[in-house]
Amino acid sequence: NILLMADRLSKESIEEAIVHLEAGLQSNPEYVMTRTKYGWALYLAQRFGEAQKIWLSILEDEPQHGPALANLAQLAYNQKRYQNSYNYYERAFAVPVDSPFAMSDDPVLQAETLYRFCLAAKQLGKNQVAIELLEEAIALVPSNAIIQFELGNMYLGEKQLEKSVKHLEIANALQPKNPRILAALGYAWFNLRDPQRASEFLEQSVQLAPTFALAWFHLGNAQVELGDKSSAIESFKVAIQLQPTFNLAKDALSKVEGR
């Protein structure tokens with residue numbers, strides 16, 4: 001456990017942990033906790049097939065083993081098997097909390113697992129499910145900037161702009177100077193018909209990430225609304241230079257140049 005702690009994780013610590021876990025399994029090959037951790041160490045060592053085999057063997061003995069189900073879900077997601085990932089997460093969260101095989105009750109770990117469950121749901125187009133999972137995660141750990149940003153983005157995609165801004169502003173407060181968060185905030189305020197505020201966030205975004213083509217495009221749109229034609233033309237040109245197949249930026253440039 002000590003060797004696999006996030007703050008000391010390295011190739012060497014993972015390899016050493018595997019040695020200890022294998023020794024433990026020689027002593028007691030049926031002990032589920034050691035088997036689960038061994039699978040996780042193999043996963044971290046990118047020995048994915050072996051990790052999967054270990055976790056599936058645990059499910060053969062205990063079909064409602066929450067940690068094994070959640071680990072298999074994460075593995076399936078990384079392999080782009082999104083439906084399998086979703087199904088495993090669904091089963092993991094269905095394990096009763098008073099079960100000896102329930103997932104960790106640590107709020108941080110629970111929130112991170114809910115976030116990954118949300119990503120699987122999102123890949124399957126289950127946006128409302130994804131939003132509900134993110135809301136649940138935020139209730140556990142409100143200070144997670146990544147989850148706040150993801151929920152803000154989800155609400156942005158659903159055109160629920162007031163809710164989007166609320167979570168994006170929290171994300172920005174938790175993690176200032178993040179170009180993606182700033183760009184999302186700018187786009188949200190643009191859709192709320194406040195191009196001045198939108199341009200302020202978008203200008204910060206492109207200053208921090210000059211190769212962020214989408215932020216340049218949104219900045220150009222805000223500048224058009226503010227009547228700053230020359231700046232808008234330059235922003236659209238930068239977006240196209242960075243991403244030559246950016247047809248929306250090409251169309252926007254043609255329109256503003258034709259005015």
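**Close-up views of loops, rings and helix packing**

View 1. Lys177 is found in the loop between helix H9 (161-174) and helix H10 (179-191); helices here are DSSP runs of H or I with at least four residues, strands are runs of E with at least two, and both are numbered from the N terminus. Residues are numbered from 1 along each chain as its sequence is written, and the side-chain values use heavy atoms, with hydrogens and water left out. Please keep in mind that this is a predicted model: local features need pLDDT of at least 70, side-chain atom pairs count only at pLDDT 80 or more, and totals for chains, interfaces and linings use all residues. The phi of Lys177 is near 65 degrees, a positive value in a residue other than glycine. Most residues other than glycine have a negative phi. Lys177 counts as exposed at 65% relative accessibility (buried is under 20% relative accessible area, exposed is over 50% and partly exposed is in between, using a 1.4 Å probe and protein chains only).

**View 2. Gln46, another loop residue with positive phi.** Here we look at the loop between helix H2 (32-44) and helix H3 (48-61), where Gln46 lies. Gln46 is not a glycine, yet its phi is positive, at about 65 degrees. With a relative accessibility of 60%, Gln46 counts as exposed.

View 3. Searching the whole structure gives nine aromatic pairs (rings of Phe, Tyr and Trp, the last by its six-membered ring, pair if their centres lie within 6.5 Å; planes under 30 degrees apart are stacked, over 60 edge-to-face, and the rest tilted). In one of them, the ring centres of Tyr89 and Phe117 are 5.4 Å apart and the planes stand at 25 degrees, so this pair is stacked. The pair links distant parts of the chain, with Tyr89 in helix H5 (residues 82-94) and Phe117 in helix H6 (residues 107-123), 28 residues apart. Tyr89 is buried at a relative accessible area of 1%, and Phe117 also counts as buried, at 6% relative accessibility.

**View 4. The tilted pair Phe217 and Phe246.** Phe217 and Phe246 form a tilted aromatic pair, 5.1 Å centre to centre and with 45 degrees between the planes. This pair, too, links distant parts of the chain: Phe217 belongs to helix H12 (residues 213-225), while Phe246 sits in the loop between helix H13 (229-242) and helix H14 (247-257), 29 residues apart. Phe217 counts as buried at 9% relative accessibility, as does Phe246 at 8%.

**View 5. An aromatic cluster and two charges over rings.** Trp40, Tyr43, Phe48 and Trp55 come together in one aromatic cluster. Elsewhere, Lys126 lies over the face of Tyr86, 5.2 Å from the ring centre (the charge sits over a ring if NZ of Lys or CZ of Arg is within 6 Å of the ring centre and within 35 degrees of the ring normal). Arg197 lies over the face of Trp189, 4.2 Å from the ring centre.

**View 6. Helix H7 packed with helix H8.** Two packed helices are described by the angle between their axes and the distance between the axes. The axes of helix H7 (residues 127-140) and helix H8 (residues 145-157) come within 10 Å and cross at roughly 150 degrees (axes are lines fitted to C-alpha atoms, for helices over the stretch in contact, with angles from 0 to 180 degrees between N-to-C directions). That makes H7 roughly antiparallel to H8 (under 35 degrees is roughly parallel, over 145 roughly antiparallel, 65 to 115 roughly perpendicular and the rest oblique). Residues making the contact include Ala130, Ile131 and Leu134 of H7 and Ile147, Leu151 and Met154 of H8 (contact means heavy atoms within 4.5 Å).

**View 7. Helix H4 packed with helix H6.** Helix H4 (residues 66-78) and H6 pack at an angle of about 45 degrees, their axes 11 Å apart. H4 and H6 are therefore oblique to each other. On the H4 side the contact is made by Ala70, Gln74 and Tyr77, and on the H6 side by Thr113, Arg116, Leu119, Ala120 and Gln123.

**View 8. Gln223 and its contacts.** Gln223 is found in helix H12 and is buried, with a relative accessible area of 8%. Leaving aside neighbours within four places in sequence, Gln223 is in contact with Glu203, Asp228, Ser231, Ala232 and Ser235.
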